[in-house]
Amino acid sequence: MKWEQLVKLGRELPEVVEGIWFRTPALKVRGKAFVRLKEDGQSVVFLLESADEQEFLIQALPELYFITDHYRGWPAVLARLAKLRVPECRRRLEQGWRLKAPKALLKQHAPASRGRPRSRT
């Protein structure tokens, strides 16, 4: 995947715009960045819900995900663009978007609930 393809996927999410974060191209929602291209031009930084998720992703898909000492223990992971595929990219982009989007925007764009509510009896 190329950065331009990632941007196209990211722009499918509500109110996503291109911007700059740490002097590199990034995607933002209402001014808050949630993914950026690394200086090497070959990897990206995805935000995560927790540092535990970082370790899980690196162990599960080491050919795709990695970190440097700078990101160790932070809720973020690096991904190799050349190994990134559309379904996984969409998952990571949506997760990052949900972490940074304001609650009102999340509520406005929440998926419609399916079926009838469950009975609590």
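Let's start with Glu53, which sits in helix α2, residues 51-60. Helices here are DSSP runs of H or I with at least four residues, strands are E runs of at least two, and both are numbered from the N terminus. This is a predicted model, where local features need pLDDT of at least 70, side-chain atom pairs count only at pLDDT 80 or more, and totals for chains, interfaces and linings use all residues. Residues are numbered from 1 along each chain as its sequence is written, and side-chain values use heavy atoms, leaving out hydrogens and water.

Is Glu53 buried or exposed? Buried, at 18% relative accessible area. The cut-offs: buried is under 20%, exposed is over 50%, partly exposed is in between, with a 1.4 Å probe and protein chains only.

Now the salt bridges. That term means a side-chain nitrogen of Lys or Arg within 4 Å of a carboxyl oxygen of Asp or Glu. The whole structure has ten. Glu53 belongs to a network of them, linked with Glu88, Arg91 and Arg92.

Look at helix α3, residues 86-100. Glu88 bridges to Arg91 at 2.7 Å, N to O. The two are three residues apart, so about one helical turn separates them. Glu88 also pairs with Arg92, with the closest N and O atoms 3.3 Å apart. Those two are four residues apart, again about one helical turn. Glu88 is buried at 11%. Arg92 is buried too. Arg91 is partly exposed, at 48%.

One more pair. Glu15 forms a salt bridge with Arg30, closest N and O atoms 2.7 Å apart. Glu15 lies in the loop between α1 and β1, Arg30 in the loop between β2 and β3, so the pair ties together parts 15 residues apart in sequence.
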